[in-house]
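Thanks for coming. I would like to take you through one structure today, so please have a look at it first.

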Amino acid sequence: MSIYINHDHQGIWKYDTWLPRVSPENRITMGEGNTPLIKSRTIAKQLGISSLYFKLESGNPTGSYKDRISALGVSWALEQNRRGCVGTSSGNAGASTAAYAARAGLPYDLLVLEHILEAKLMQAALHGARIRKVKGFGDSSTVGDQVFSYIEHQAKKKNWEVMITAFHYNSIAMQAVKTISFELFGDLNGHPPDAVIVPVGGGGLCTGILYGYKELKERKIINHAPSVVAVQSDGCANIVRAWEQGKPNPVPGDSTSSISGLQVPNPPDGWRILEAYKNGEGWGESVMDEKTWEWQEKLALEEGILCEPAAAITLSGLEQAVRKGRINKDASVVCILTGAGFKDSDRLRSVLREKPAIPLIEIEQLEVESGGTG
Ligand SMILES: *Cc1c(COP(=O)(O)O)cnc(C)c1O
């Protein structure tokens, strides 16, 4: 079996028969999706597994997979004659929605945490979003509730679209995440991998990939879906803890993780992942942030891939799953590398501080080193 791909369209719209209907004139695209799937050259061997692939979501127009969601969400907003978009974001969704809203000519009202990463904020600002940082948002749950109720009221009153990247808030826009599963089907010539490793914050990405495979199974395009593995930081492992304890809902608790994008104390789509896991569709791994910093560096040094920590966490999770015997040596595995490394410049600077400083030299100091092939 194969999946019908509409080659007359760009980006996620190649899969338009699988997505909510949007008329062609309202489809906003910048070629999102269709990201490369590349094979590991060194890390697979080190982990002792036979095939490991990286899906490079940094290849999206604003540098993260959120562009898939923004493309559909903003197009849907046009289709519904909405006058603008309003939402919150830990960074990437804001940068992405801002770009697509700018392209659609819609205003975008964005409320963010006080300590959002500068690079992600600058992206959103350059695309003209109206941004406000809210004191206490992210720490206090009452402030959080007030922010969400503002967004819902604002959206209703002004006929704007709510752009928050969770099925709980925008189940239409989130359908676009399924295109990751569809693309993997084509990339691997119709053979689903044994496991797809996914970073988890609010849980929407993991849910969308699970739903994508579910649909491929329901339409009898595949017989077996891969295990979809949710990786969370130890400091914010609310879904993994719930899975370990057999609970249907995320275990509440504050976040102490320092990984941007994964600090979500109340993941709105967590229960959806836990429901799928009850049916054996995957499992959770929680890992220390220090491990993730190591993997981020290793990916850059050994595979040439500079991704943000929220993406590198998939390698920490994979390493742990292999060690625990949850993934076999002969398995084929895909890690979803969700965002580009330049998104977290603070992190990059702190890595470089531990390396020898880059010297500034006089031209006379340049001398040809002996050895090599000359
Ligand atoms: C948003 C995001 C995630 C987490 O996705 P959720 O749907 O919130 O679980 C992971 N990595 C990156 C780079 C992100 O931007």
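I will start with the ligand and then move to a sheet and a helix. Keep in mind that this is a predicted model.

First, the ligand. There are 15 residues around the ligand. The closest are Lys66, Asn92, Gly201, Gly203 and Thr338. By type, this shell divides into 6 nonpolar, 7 polar and 2 charged residues.

Gly201 brings a backbone N or O atom to 2.7 Å from a ligand oxygen atom. With Thr338, an N or O atom of the side chain lies 2.8 Å from a nitrogen atom of the ligand. On its own, the ligand has 380 Å² of accessible area, and the protein covers 95% of that.

Now the sheet. It is open, with 6 strands in the order β1-β2-β10-β7-β8-β9, and the pairing is mixed. Which strands stand at the edges? They are β1, residues 37-39, and β9, residues 284-287. Each has a single partner strand, so one side of each is left without a neighbour in the sheet. From one strand to the next, the twist averages 25°.

β1 pairs with β2, residues 51-56, in the antiparallel sense over 3 bridges. Here Ile38 stands opposite Phe54 in β2.

Last, the helix. Helix α6, residues 178-187, lies across β1, β2, β7 and β10. The helix runs at about 130° to β2.

That is what I have for today.

Key:
Residues are numbered from 1 along each chain as its sequence is written. This is a predicted model: local features need pLDDT of at least 70, side-chain atom pairs count only at pLDDT 80 or more; totals for chains, interfaces and linings use all residues. Side-chain values use heavy atoms; hydrogens and water are left out. A residue is near a molecule or strand if one of its heavy atoms lies within 4 Å of it. A polar contact is a pair of N or O atoms within 3.5 Å; within protein, one must be able to donate a hydrogen and the other to accept it, and residues adjacent in sequence count only if both atoms are side-chain atoms. Accessible areas come from the Shrake-Rupley method with a 1.4 Å probe; for residues, only the protein chains shown count as cover. Ala, Val, Leu, Ile, Met, Phe, Trp, Tyr, Cys and Pro count as nonpolar, Asp, Glu, Lys and Arg as charged, and the others, Gly among them, as polar. Two strands pair if DSSP finds at least two bridges between them. Helices (H or I, at least four residues) and strands (E, at least two) are DSSP runs, numbered from the N terminus. Axes are lines fitted to C-alpha atoms, for helices over the stretch in contact, and angles run from 0 to 180 degrees between N-to-C directions. Contact means heavy atoms within 4.5 Å.
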